[in-house]
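Reader: Please take me through this model term by term. I would like each label set against its cut-off.

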Amino acid sequence: PPMVMIDNPAPETVVIPGGLVVFQGSATDWEDGEIPAGNLFWLSDIDGVLGAGPTLELNNLSPGLHTITFAALDSESEEASMQTTVLVGVPAGLQVVPAAVSPLDPDLENVQIVVSLPIDYPVAEVDTDSLLLTIGGVEITPLSVELADLNEDGVPDLLLTFAADDVLPAQAQPPGPGEWTIAGEMQNGMAVKGTAQVPVAG
């Protein structure tokens, strides 16, 4: 069977509705060499068949979390595939305070995360009850969620406060920087997601 590779998009890519997604992949076979474009297919578990060829550019993916399959068919009708994911929703920018978190810090009571959204998606329309922080597979509910113009640019942000007692054990799990993800929904049901790499303080 062919050997398949997806070069783009990376797993867990987040794109706003109507945003451009560039799909790039390749496939080779020991007997056939490079698989021709007509035998390469892109599929979504939400939208079905997206198109054919090694490269595809789309800006009409439906909202939601897509599992994208890139499949290749060789001259003997043997098939191989690879998958990635694309979330069509609202990408969130995250700023963690403090910027580095130490699992051994006895004085740290709270950790705060400033969440900013693209200009067309007001944070006031976020379903704040849906927001969760995930660190190393551990889901953490915020103590509070406030609306504030923290960077004084005239556009409100969300300020999420978490108990250090909840955050620090999760941050202590993996060595090196921890991947922190905030996920939730807008009031219309559209997904919101952002990720930040948070170093472990010495």
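Predicted model: local features only at pLDDT ≥ 70, side-chain atom pairs only at ≥ 80, totals over all residues.

Reader: What makes K193 and E12 a salt bridge?

Author: The rule asks for a side-chain nitrogen of Lys or Arg within 4 Å of a carboxyl oxygen of Asp or Glu. The N to O distance between K193 and E12 is 3.4 Å, so the pair qualifies under the 4 Å limit. The two lie 181 residues apart, with K193 in strand β18 (residues 191–198) and E12 in the loop between β1 (3–8) and β2. Strands here are DSSP runs of E, at least two residues long, numbered from the N terminus. By the salt-bridge rule the count comes to one.

Reader: Why is E12 called partly exposed?

Author: Buried means under 20% relative accessible area, exposed over 50%, and partly exposed in between (1.4 Å probe, protein chains only). E12 has 45%, so the label is partly exposed. E12 also has a positive phi of about 65 degrees, although it is not a glycine.

Reader: What makes S77 exposed?

Author: Its relative accessible area is 55%, so S77 passes the cut-off and is exposed. S77 sits in the loop between β8 (64–73) and β9 (79–88). S77, too, is not a glycine, yet has a positive phi of about 65 degrees.

Reader: How do you know that β5 and β6 pair?

Author: Two strands pair if DSSP finds at least two bridges between them. Four bridges join β5 (residues 40–44) to β6, so the pair meets the rule. The two strands run antiparallel. One of the bridges links F41 with A52 in β6.

Reader: Why are β2 and β6 said to stand at the edges?

Author: The open sheet has five strands in the order β2-β9-β8-β5-β6, with mixed pairing. β2 (13–15) and β6 (48–52) each have a single partner strand, so one side of each is left without a neighbour in the sheet.

Reader: Which omega goes with the cis peptide bond between N8 and P9?

Author: Omega is about 5 degrees there. P9 lies in the loop between β1 and β2. A cis peptide bond also joins V97 and P98, with omega about 0 degrees. P98 is in the loop between β11 (93–97) and β12 (110–116).

Conventions
Residues numbered from 1 in each chain as written. Heavy atoms only, no water.
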